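Here is a short walk through a structure for someone meeting it for the first time. Take a look at it, then read on.

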Amino acid sequence: MSAVIGISFGNTSSSIAFANGEGKVEVIANPDGDRSIPSTLAYVGEDEYHGQQANAQLIRNSKNTIINFRDFIGKTFDEVNTEVTKTGAPAIKTADGSIGFNITRQDGKVEVITVAEATKRHLKQLQNAAEDFLGKKVEGAVITVPTDFTEAQREELIKLSNETGLKVHQLINEPSSALLSHLTQKDESYSQNKIYLVADFGGIRSDAAIIAVRGGILTVLSTLHDKELGGDRLDEALMEFFAKDFEKKYKVNPRTDARSLAKLRSESIVVKKTLSNVQSSTCSIESVAEGIDYHTTINRLRYELTIRGTISKMTGFVEKLVERAELIPSEINEILLVGGSSNTPKLSSELRSLFPESTAIISPVFDTKAILPNELICRGAALQAALIESFDDDEIKESLQPIVVNTQHLVHSIGIKDADGKFVPIVVSETAYPIKRSLEVTNGESSSVLVELYEGKKSIKETVIEPTKVEYSDDEEDSSEEDEEPEIIKEVVEECGELLGSLSLKDLKPASKLEIIINITQDGKLHISSRELKVGSVATKVELEFK
Amino acid sequence: MSIVLPSLPTGAEGPVVKAKVTTPVRRPIEPVGRYFLSHATRTLRGHTWSEYEKLEAENNVTAVEENVDDDIGDEDQDEELLEHDPRDWKTADLYAVLGLSKLRWRATEDQIRRAHRKSVLKHHPDKKSASGGLDQDGFFKIIQKAFEVMLDPVKRRQFDSVDENADVKPPSPKSQYDFIDAWAPVFEAEGRFSKTQPVPSLGTMDSTKEEVEGFYGFWGKFDSWKTFEFKDDDVPDDTANRDHKRYIERKNVSNRKKLKQEDNKRVIALIERAYSEDPRIKMFKDEAKKEKERKKWEKEAGSRKAAEEAAAKKAAEEEAAKKAAEEAASAKLTGKKAKEAAKNAKKKQKRSIRGCGKDADYFGDAGKASDVDADLDLIVDKLDDVQLADVAAKVTGVDAAGVKSAISAAADELAGAGKLDKSFLKYFS
């Protein structure tokens, strides 16, 4: 009996999860007890360290500690920015142009560990951790990758994982995986029609995607990546704050020594995580520079001031994506925050102020029961693993064929006009074929009704809300009146666009139930039928064509 | 708030197509989640929505069935049962006590538990005393007893054995009834006691002979687990009178035996009656009879045909013999005539040959007339039938020289065949 697990393989950290048959997902902790396992490998003499233990080596043994190598998979040295490895073992160009690391092992022998080798070792460690936890063999996995992973990178990762003895059943995109685990939580939201923004703030990069969920089918509408922005920027801001403070107190510059910086960095990470949960944190580092110990406390307010720049970049990043997708903020139904940096309360509150009330923001800051942002992705992968575990390779391959995956999507909603002249969508835009949707309506008092089918036309409705008059005391009046601007709320309303066709239903009793069904087949035939909801009623039908 | 459709303006009738839908865009969908799997199967197998829904519905059937009996144990008990003396609980209808009088022996353990929970909630003494009356836990005691019996498989079987409310009485012999409708529930109820399950059903009027025979065959070998412990007299558990206790036990055992025997007899009688009344059996018997007759008729038809054929053959043979005889007679007759005719012709031919010398004036040589005649006699005697006819034809109606040459040729031919020595001829040598 072997198990198939879900792996979220990140640059900074990885996590593994397992879903049992009943859909219960468990995020697996490694032997150190970490559920978010740093993707780090460190070498001291003959020993290999992995995860948090390897991260600890960054201070004393940074030259032999491999970090941030995930994005290097399947790439050549010239294609990548090796800047990200500067705090660990520097990336070097190997003989065949790929990327490797010079690691000094026992007796000063230098071993070149390629990215491929590091990946295999890392995956092996994860596999071992999962096997220890589950008590059974782990022979397969569903691994997540960012949406901009190239085909070559995907193939390379599959190859490496298979070589490790971990059969890759499927590679899935990180944002869809995260969304899957969120949707699976509440069954009713799974089949609803919503547009999600999945924002993943990792350690060294940020990715975001806008995904339309239509009857449980996920379609990525737009993506955005930023390889500069990430949690590490928060650490650096905090480091700089401590360094400045240290310099002021002791007149010693700690930035000149790599070891001092590593110490500051490691403590900053701890402080950052603490401040995400509590209002103030202490920071104490032994022998920062020149043997001077450092101790201070920092509260959340000060921290949020320090990281203000990075946070505004992050929110700007999200806004940019919404713009790129040609949407307006109110069209986003939910924002799902993913990645360790999403734990930062300031990020959530900033986003909250940017988006209208109707947009829900899923983050542990607002909902303590929400799944932890750094577990969302691996949970989704585990769910997918449980789902496809029973299929054999051919079936999975068959299901991933372009003919299945590349599907026609409706551009505009299709709906009817009700008695008040309002547009009532039956099938919303961005729904994938084949579609069958029905809508229950009534005829009211009239004995025969007209069913007019319209294509929806989106328009932005601007509502201006005048600021509520507050009585000010005389001396403040002048200054504050200028600040108050009328608030403009932008909303998207769908109106009846082009009339596609019409049907009529006659000889009805007052207030009888009617059903309108829209059916679009795989080959793009659109049928619309309407009938009275009673036994033996005859449906009237119309077939529409696409331009 | 439901959506109200606008009313139909006059003149806007029937399905009308006005415009085309905007061309769709092709986008990849994310291959994750169970809805994608459904999408993939739909796409790959080319199911339409209704087909797919059908398949899904089939998969969901079991799940639905489990939810059907939500109203389990909701039925109300009648006054009489509520007033039942808890000391006499054995005589109460324990299924009705739990509100399972419809399901009875079909109730599953889960259903019993749920029904019990409901009746406990309804009849708990705490609830009763709250609504006045203190000593009202009689029915509750019966509920607990019933639950105890129902959850113990052995005790439940003992109760089921004597649960007359679950038995279905066979139809009264005098009344008019449809055989299948009347008897199927009887056998279904009786079949619950069978040690071998499943029990074959009575079937329909269209059942085949094998099915019907299988059914009666099963009931002929019917083996029931029915036991009658439930009707036992209570064995006194005081140790004071051991003899009395043993007496009661013995009595119980013999009583059980007696009841079991009676029950077996009853079942046998039931089956016999059903068998005798079964219209299908009658039908099969009639059919068998008809079949037999038909076979007999067929068999006889065979011999009949043989006899007919033999007679026909005989007649034909007789006919043929007769015909042959007649033919033979007529042939004989004509043969005779022919012979005579041939003889006459021969005579005529011989005569003409013999006379040809004289007719030709002895070829102008009258002095040798006797020699010519003698030679002609000799030649005619030596000629066979064919030559005779040939020569006769040659000598008639020709001149003297032709006759002479013909005779000479005939003489030469005969001499050539060695039949005639030319030296004997005086004129035609």
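## A word on buried and exposed

A residue counts as buried if 20 or more other C-beta atoms lie within 10 Å of its own, and as exposed if 12 or fewer do.

## The model and chain A

What you're looking at is a predicted model. Chain A averages a pLDDT of 86, and 96% of its residues score at least 70. One stretch to treat with care is residues 476-482 of chain A, where the pLDDT is below 50. Beyond near neighbours in sequence, that stretch has 2 contacts in the model. Where pLDDT is low, the predicted coordinates should not be read in detail.

Chain A has 547 residues, 45% of them buried. Its secondary structure comes to 14 helices and 28 strands. Among the contacts in chain A with a separation of 6 or more, 65% link residues 24 or more positions apart.

Let's zoom in on helix α3 of chain A, residues 151-164. A:L157, A:L160 and A:S161 are the buried ones to look for here. They sit on the same side of α3(A), because they cover an arc of only 95 degrees around the axis.

What do the buried residues of α3(A) pack against? Their partners are α2 (115-134), β11 (137-145) and β12 (167-173), again in chain A. Just after the helix, A:G165 takes a positive phi of about 95 degrees.

## Strands side by side

Now for some strands. In chain A, β21 (residues 414-417) and β24 (residues 449-465) pair antiparallel over 3 bridges, with A:I414 partnered by A:E455. β24(A) also pairs with β25(A), again antiparallel, over 16 bridges. There, A:V464 has A:I488 as its bridge partner.

## Where chain A meets chain B

How many residues of each chain are in contact? It's 65 from chain A and 41 from chain B. On the chain A side, the largest share, 7 residues, comes from strand β25 (residues 487-505). By class, that side has 28 nonpolar, 26 polar and 11 charged residues.

β25(A) reaches across to chain B too: 2 bridges join it to strand β2 (residues 16-17) of chain B, and the two run antiparallel. In this pairing, A:S502 stands opposite B:V16.

Note on methods: Residues numbered from 1 in each chain as written. Chains lettered and ligands numbered in written order. Predicted model: local features only at pLDDT ≥ 70, side-chain atom pairs only at ≥ 80, totals over all residues. Contact = placed C-beta atoms within 7 Å. Helix = DSSP H or I, 4+ residues; strand = E, 2+ residues; numbered from the N terminus. Nonpolar A, V, L, I, M, F, W, Y, C, P; charged D, E, K, R; others polar. Pairing = 2+ DSSP bridges. pLDDT = per-residue confidence, 0-100. Expected span 1.5 Å × (residues − 1). Arc of directions from axis to C-beta.
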